[in-house]
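Thanks for asking me to look this one over. My notes follow as numbered points, once you have had a look for yourself.

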Amino acid sequence: MYSLILHGRSLIQFPKRRSFTLSVTLFQNASTSFSTSSTPLADVSPRDARKGKNFTVSYLVRSLGLSTKLADSISRRVSFDDKTNPDSVLSLFRSYGFTDSQISTIITDHPRLLLLDAEKLLAPKLNSLQSRGRGADELTEIVSKVPRILDKREGRSINLYYDVVKEIVEADKIPRESCSSSRRGNKMRNVLVLRDLGMPQKLFLPLLISLAEPICGKERFEVSLKKVIDMGFDPTTSKFVTALRMLYQMSDKTVEEKVNLYKTLGFAVGDVWEMFKKYPFSLAYSEKKITRTFETFLGLGVTREEFAGMIMSSPQCIGFSAEALRRKTEFLVEKMNWPLKALVSRPQVYNYSMEKMIVPRSNVIGALMSRGLLGDGVSEQPPPLPSVFACAEQAFLNRYVLKVDDEELVAELMAIFNADSAS
């Protein structure tokens with residue numbers, strides 16, 4: 001099965017397998033990012049900045065043996081003018097068994113670590129990770145490969161991350177043909193298969209911690225993976241992972257029942273699978289939930305045909321509560337006077353937060369309409385939904401608030417917008 005999957009990879013142009021050293025960069029980039037300045041830029045004079053840069057370069061060359069060129073490159077990412085904290089960080093790493101070469105690798109990849117409090121921030125994390133491993137060698141190897149693991153919060157987050165990296169590091173050391181048929185052997189083999197398909201490391205976490213544990217399966221994993229690939233899911237995306245999990249944990253009978261349920265609600269079989277490709281969770285909802293959403297929309301005046309079209313366009317609507325759907329519909333239709341047909345043709349509006357987007361923007365529109373400042377000044381029809389909601393906040397303000405030629409009114413509209421956004 002695996003050879004068939006990998007052979008078929010060329011037909012859908014999946015990327016070639018990446019080495020751990022190269023692909024781990026994607027894992028690192030998924031980590032929490034931090035600012036790399038030890039002092040706010042606005043508080044640093046050009047002279048002080050040059051001084052800090054020169055000190056940083058000199059320190060990196062002297063303490064880590066880096067080339068001047070590499071040290072200069074790192075100094076553009078992080079700068080300091082005192083060796084006390086960096087010395088503490090380097091001493092801490094050495095106390096945990098990191099070699100000078102490993103420390104150089106860590107700092108080159110993640111120089112901001114030199115600015116962190118060694119005892120308060122780094123030591124507790126290193127101690128926690130060491131307690132999970134099989135000794136200093138494992139800790140130093142994993143942290144050297146993925147130093148951004150130290151960005152994770154102490155506790156469950158960093159422990160889960162460590163375990164994922166460890167699984168992948170260990171899988172890289174095991175020849176695929178030597179993987180046993182045990183759960184652990186299956187996991188190692190499946191990790192390698194997914195790596196071959198081009199899956200970035202950041203997507204392994206949900207698979208490795210899933211209660212259904214698809215990554216530990218064998219025959220069912222192979223079948224589910226083939227289905228996901230045949231549907232055209234991109235293995236570099238989270239949708240691929242979600243689709244794999246959904247198909248793995250649902251029996252063929254359950255899938256067939258869900259498809260038949262959607263058929264009774266006006267969907268063609270092809271529509272159901274197109275919807276699944278757009279939003280894999282669409283097959284995970286219970287029959288009761290799907291039916292209740294259908295009945296709620298019909299109660300609001302939507303036809304069966306319109307319901308199918310709405311869900312095809314925005315499958316997330318299935319997951320909203322009946323109360324939320326009614327509340328948004330009644331507000332937009334009854335209070336704001338948007339026709340129901342407008343919501344039917346733009347169901348994505350149901351994805352927006354009532355408090356953070358729908359109410360603030362609608363109230364600004366209402367204030368403009370009450371003054372006859374929209375459209376021809378006579379019509380009570382609000383602007384098209386996309387022009388109000390399908391834009392970033394600043395674009396909305398530019399379009400409807402800041403262009404008003406009345407400073408007092410602009411201030412009033414901003415007060416309405418901000419008050420409603422904060423409520």
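**Notes on the model**

1. Helices here are DSSP runs of H or I with at least four residues, strands are runs of E with at least two, and both are numbered from the N terminus. Asn-337 is not a glycine, yet has a positive phi of about 75°. Most residues other than glycine have a negative phi. With 35% relative accessibility, Asn-337 counts as partly exposed; buried means under 20% relative accessible area, exposed over 50%, and partly exposed in between (1.4 Å probe, protein chains only).

2. A word on provenance: this is a predicted model, in which local features need pLDDT of at least 70 and side-chain atom pairs count only at pLDDT 80 or more, while totals for chains, interfaces and linings use all residues. Residues are numbered from 1 along each chain as its sequence is written, and side-chain values use heavy atoms, with hydrogens and water left out.

3. On the overall picture, the protein has 23 helices and zero strands. Of its 423 residues, 47% count as buried. Taking contacts (heavy atoms within 4.5 Å) between residues at least 6 apart in sequence, 70% join residues at least 24 apart.

4. Which residues touch the most other members of the largest nonpolar core? They are Leu-194, Phe-240 and Phe-389, in a core of 83 residues. Helix 20 (residues 354-370) gives the most to this core, with eight residues. A nonpolar core is a set of buried Ala, Val, Leu, Ile, Met, Phe, Trp, Tyr and Cys residues joined through side-chain atoms within 4.5 Å. Beyond its neighbours within four places in sequence, Leu-194 is in contact with Met-199, Phe-204, Leu-207, Ile-215, Phe-221, Leu-225 and Phe-240. A second, separate core has 37 residues, including Val-57, Leu-66, Ala-71 and Phe-80.

5. Helix 20 also packs with helix 18, at an angle of about 5° and with the axes 12 Å apart. That makes helix 18 roughly parallel to helix 20, a label for angles under 35 degrees. Axes are lines fitted to C-alpha atoms, for helices over the stretch in contact, and angles run from 0 to 180 degrees between N-to-C directions. Among the residues that meet are Phe-331 and Leu-332 in helix 18 and Ile-358 and Val-359 in helix 20. This contact divides into five nonpolar, two polar and four charged residues. By class, Ala, Val, Leu, Ile, Met, Phe, Trp, Tyr, Cys and Pro count as nonpolar, Asp, Glu, Lys and Arg as charged, and the others, Gly among them, as polar.

6. Helix 22 (residues 393-400) is another partner of helix 20: their axes come within 12 Å and cross at roughly 5°. These two helices are therefore roughly parallel to each other. Arg-361, Val-364, Ile-365 and Leu-368 in helix 20 meet Glu-393, Phe-396 and Tyr-400 in helix 22. The contact has five nonpolar, no polar and two charged residues.

7. Is Ala-308 buried or exposed? At 9% relative accessibility, Ala-308 counts as buried, and its place is in helix 17. Leaving aside neighbours within four places in sequence, Ala-308 is in contact with Gly-266 and Phe-267. The C-alpha atoms of Ala-308 and Asp-271 are separated by 8.9 Å, at 37 residues apart along the chain.

Note on methods: Angles under 35 degrees count as roughly parallel, over 145 as roughly antiparallel, 65 to 115 as roughly perpendicular and the rest as oblique.
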